[in-house]
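I opened this notebook to record helix packing and domain contacts. My entries follow the model below.

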Amino acid sequence: MERRSFLKASAALPLVAFAPLNWANSTNQLSTNTLIMVQLGGGNDGLNTFIPITEEAYFNARPNIAISKDVALDLSAQLAMHPAMSSLLPAWQQGDMAIVHGLGYTQPNRSHFRSIEIWQTASEADEYLSAGWLSEVVQQSEEPLAAITVSGSPMATFGAGNQFNLAGQTNLDQFSPVYVPNGSSDNELLNFIIGNRQQFNNSVEQLSSLLEQQVEFAVEFPNSEFGQQCFTLAKLMALGFVPPVWHLGLGSFDTHSNQITSHQNLLDDMATSLAALREALIEVGQWQRTCIASYCEFGRRVAENASLGTDHGTAASHFVLGGNVSGGEFGEMPSLIDLDNGDLKYTTDFRDYYKSLLSLSDFNVPASLAAFEYLGF
Amino acid sequence: MASDTTLTPAERAHFLRRTCFSASDDLMLETEALTSKALLIDWLLAKPIGNYTYPDWYQSPPNLQDLSQDERKTVRRDMSKELLAWWQALLIQSDTPFYEQLSVFWHNHFVSSIQKVKLPNVMLKQNDLFRQQGLGNFKSLLASILKDPAMLIYLDNASSKKDSPNENLARELLELFTLGEGNYTEFDIKELARALTGASVKRRTGEYIFKKRWHDDGDKTIFGETASFSVENLAELIVKQPSCATFIVTKFWLHFVDSNPIESEVDIIAQTFVDSGFEIKALLEALFLSDFFWQSQGQQVKSPVQLIVGTYRQFNLASLTDRQWRSLTKNMGQLLFVPPNVKGWPGGKAWYASAAIFYRESFIDQFVRWHQSSGLQTSTTQLLAAQSVASLDEISNSSELMLAMADPAYQVI
């Protein structure tokens, strides 16, 4: 049986109880901004993305995998961009793109899983927090759906119930409500399941009616998974659905071996998809309220390894795209000579970056970020 | 530790669901005379693995040398479909389901993905290692994994050379496979990466090979011990680190008990594990005898594999089509051989989230409606690990069965 008919058939289930709706009340005011976090899963090679093109040390450390001056896209006298990201050049030239250098933290952890936890909870390296760094923004929102994870490892730690994880699925219009029993249980796990079913139904009611609609943009989105996820996001925003927080993810950027082709393909997919997202949001008048920001657990080792790849490192450059971003370079590119055990020494605390993103979006800055700096982008 | 009292049918059903996917009529009957926990555990752990066959291409892999790149891709795609179908058939039909449960456990511990490894016969070899050695000695299993071609490809050791070693396997070996984060230094990883150089894979055949010229045979200092370590003696060195036994016991606890390992109890089981010389049977026996295991009924969300395999096994039905199995497990978030990353599937409550909820619930609905004409029969004791929200006491007709399986209680184990 085809999956499609399988789903269709199940939609006819007599047991299904339809959840009450309150979608009509949740129209967004245009004053709300939206922050789209883009996770470069696995740890993007920052040095081959935003390249310190005048540094001899860069070419010496990477005799086989450095991006050559001939092909790199010059952004400034000292900085070049990977050629696979050419579709983001217009954003850079029009002042819609900020690049923040040297993002990291003290006592860097080189484990994917611990380091992404540090990033996602905005903790110290030796501090274990359970709430995500955006959870207050999400909880303070009055939107019934204040955070949508389209893809990537969800910031599960967003906290509250007013969020939904599409887990990469862009075919939500095929979904139908699931059965929610009346009553509750002595077993907390069963209550968790009941709550999640209810939340699923509420989310589906909101989202699927929108996703059923046809929206066409002048720009074409790539046919890749990430491209289609960006399209879904653009479509929802075009229809006026604008939660404070989105999460997108792609990768694996964990390029331990033969990284030239794989990194190129990933950056190409990412850049063309985000460029399409930008154009689509400009077209429908939503770009001014939008901020797109990349992040990941760490950058990669300065020197290449013998497998033509790079191992886990520390600091990295990231980018911010948005209609009211002040374009340009922020923070300092770390030295490629003064290294910590082969790795970059960070120059900009990642929580400065977070605080600046919140400020750009006019979100409240939580007390935990009070002591950090605004970067000014 | 639990005292040996007479087992109730509900306790037997709990044990069978957790270890063998379901408390089917057959298994309930087979274990009826086992009156104590010790006897039941012994019944499970003493069972030798049943007979099974491999896909034709496993013993004699097709020669891909003369094919074009596109042809090669097609052959591999077909093989990888057959690989998934092969495991699905074993999961649902094997007479020794506990070995399949263990294979799922090890697949989610010593993680590799076919998306990177690309060679179905190499992935099958790793999968069969879990079946054949998964209930044996942990040190031996670890030693085998360090020479397992799928692992060496997946974590890039196959291309690691002494002049600039690749750290990927060394790091995940300590962080995720043996000691846990925080129980080693960055220096240990760099030295371990040196020790692992040379452990590689023959490109032509996909077999393990030690490339002497790529190996750094100098002294390395790992965990404060200095020797010319190589892939041959690392398992020995690693398992004797104090955090190894507790780390492995914790992983078993998360799979077979619940999401809240109790440190003091983990320590006791870990000591048994160490005293046995790292026998996995000794670990499991201690774990299954723990009161925490018996109190954990209904405290775990079923994994997609547990949900689907358990459902088919409960009613002794033939398997799904390969295509259905693939799309169901993919949509529910557990496509076997394609774990999300080297840490495997997060599991626990994360299984019951957002989009996956729809696919889990529509699977149940579809299953009952497809099969109700074949007279599905079971009891709440066998089927449900928790009291249903709908307060069903018995299941006497197909609408009660539908109610029981649509209940949140069916989503837990």
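Which handedness does the crossing have where α6(B) passes α8(B)? I found it right-handed; that term means the near helix is turned clockwise from the far one by less than a right angle, and left-handed means anticlockwise.

**Ground rules.** I am working with a predicted model, where local features need pLDDT of at least 70, side-chain atom pairs count only at pLDDT 80 or more, and totals for chains, interfaces and linings use all residues. Residues are numbered from 1 along each chain as its sequence is written, chains are lettered from A and ligands numbered from 1 in the order written, and side-chain values use heavy atoms, without hydrogens and water.

**α6 and α8.** Helix α6 of chain B spans residues 97-107. Helices here are DSSP runs (H or I, at least four residues), numbered from the N terminus. I looked up the axes of α6(B) and α8(B): they come within 8 Å and cross at roughly 125°. Axes are lines fitted to C-alpha atoms over the stretch in contact, with angles from 0 to 180 degrees between N-to-C directions. The pair is therefore oblique (under 35 degrees is roughly parallel, over 145 roughly antiparallel, 65 to 115 roughly perpendicular, the rest oblique). From α6(B), B:Tyr99, B:Glu100, B:Ser103, B:Trp106 and B:His107 make the contact, with B:Asn127, B:Phe130 and B:Arg131 from α8(B). Contact means heavy atoms within 4.5 Å. I sorted this contact into three nonpolar, three polar and two charged residues. Ala, Val, Leu, Ile, Met, Phe, Trp, Tyr, Cys and Pro count as nonpolar, Asp, Glu, Lys and Arg as charged, and the others, Gly among them, as polar.

**α5 and α8.** Next I checked helix α5 (residues 69-93) of chain B against helix α8 (residues 120-133) of chain B. Their axes come within 9 Å and cross at roughly 20°, so the two are roughly parallel. This crossing is right-handed. Among the α5(B) residues that meet α8(B) are B:Trp86 and B:Trp87. The contact divides into eight nonpolar, three polar and three charged residues.

**α18 and α20.** I then took helix α18 (residues 304-314) and helix α20 (residues 354-371) of chain B, which pack at about 10° with axes 11 Å apart. That makes α18(B) roughly parallel to α20(B).

**Domains.** Chain B is divided into domain 1 (9-46), domain 2 (137-279) and domain 3 (304-411), with bounds from an automatic or database assignment. I noted 21 Å between the C-alpha centres of domain 1 and domain 3 of chain B. These two bury about 920 Å² between them, 48% of it on carbon and sulfur atoms. Buried area is the accessible area (1.4 Å probe) lost on putting two parts together, summed over both.
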